[in-house]
Amino acid sequence: MAGTYQPPWLRTVDLGEQFRTLGVWWRQPHRLRRAVQAYRNLLAVTPACIAYAFALFITWWTLRGASDIVGRRLIFSASTNLRNMQKDPIQVLVASAFWTDGGFPWGDILVLVTLMALAERWLGSLRWILVVAIGHVGATLITVIGIAHKLDKQLIATRVAFASDVGPSYGISAMMATLTFRLRGPARWLWALTMVVYYAYGVWHGRTFTDYGHFFALLIGFTVGAIAVALSHHLVAVRARKAAAKSVPVAANPAGATGDSAGATADSAGAAADSAGAAADSAGATRDSAGDGVDAAAVALGEPDGRLDEARRDRAEHGHH
């Protein structure tokens, strides 16, 4: 079983083949009911995406029920701006991923329950969480370091150090880049090129630190995916070498087992010869006993020997005085 295991990073799909299979599947009867069931099965194996989307809904609902002043305080307290990162970086790094600034986060939730759910089913919940966390934390740190550098050089306004920066977009961007390694063939390069063009256009058009953060998150996702794929190939190669090394003694074992069997046969023949010699010795001992004039017939230990103990016929010198 261990020899046939394949890491999820190496489980790629052909996008054209998937679309053809989907077309055949869709032409079958009861397609709407089966589509709903397939989507339910997808959500059943993606708990991290569902929990993340639900957390975004709860925080949005909290902001909706709070006043504008309280809402802004909550957003700024969870923002990963330079001031908060200098004061309490761990708290804001975690909290900022679960708040959204603005209205209902339709886009984030829709992506979470579609593309991100497919990514979680591919990688598993733990790997999915790790990629999203690395993208969120890594892009935030790079952005904050860039802001601090620009402020020291007085190239940007001071108010940027207090701006709000919350939401799951950095982690989602990293996972969108990692999805490149799910595809194979021309579809992989097309997807990667589309992502790079889309995020590069955001940097060129918007030129805000959030746009730069999204682009850095994309690069982090590409890097994490490439490293994971390389390590997976190395793991498979190591396991193949170990399996090959274990199979060599097994192949040579039958010859050794034959030699052991031959040795056992020789030992058995020697034991038979010893048994024959013991039988011959017993026969010789019998002949020697007969030569000494002693009856070889078995005599019970409790029975008297008539030749020695016959009444009134013992020799005089054998008497007891």
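Is tyrosine 198 buried or exposed? Tyrosine 198 comes out exposed, at a relative accessible area of 57%, where exposed means over 50%, buried under 20% and partly exposed in between (1.4 Å probe, protein chains only). The model is predicted, so to speak of local features takes pLDDT of at least 70 and side-chain atom pairs count only at pLDDT 80 or more, while totals for chains, interfaces and linings use all residues. Residues are numbered from 1 along each chain as its sequence is written, and side-chain values use heavy atoms, with hydrogens and water left out.

On to the aromatics. A search of the whole structure turns up 12 aromatic pairs; rings of Phe, Tyr and Trp (its six-membered ring) pair if their centres lie within 6.5 Å, with planes under 30 degrees apart called stacked, over 60 edge-to-face and the rest tilted. One of them joins tryptophan 9 and tryptophan 122 edge-to-face, at 5.6 Å centre to centre and 75° between the planes. Tryptophan 9 sits in the segment before α1 (15–26) and tryptophan 122 in helix α8 (residues 115–123), so the pair ties together parts 113 residues apart in sequence. Helices here are DSSP runs (H or I, at least four residues), numbered from the N terminus. Both partners are tucked away: tryptophan 9 is buried at 9% relative accessibility, and tryptophan 122 is buried at 5%. Tyrosine 198 and tyrosine 199 also pair edge-to-face, 5.3 Å centre to centre with 90° between the planes, and here tyrosine 199 is buried at 12%.

Then there is helix α4 (residues 68–78), where Gly71, Ile75 and Ala78 are buried.

Technical notes. Helix = DSSP H or I, 4+ residues; strand = E, 2+ residues; numbered from the N terminus.
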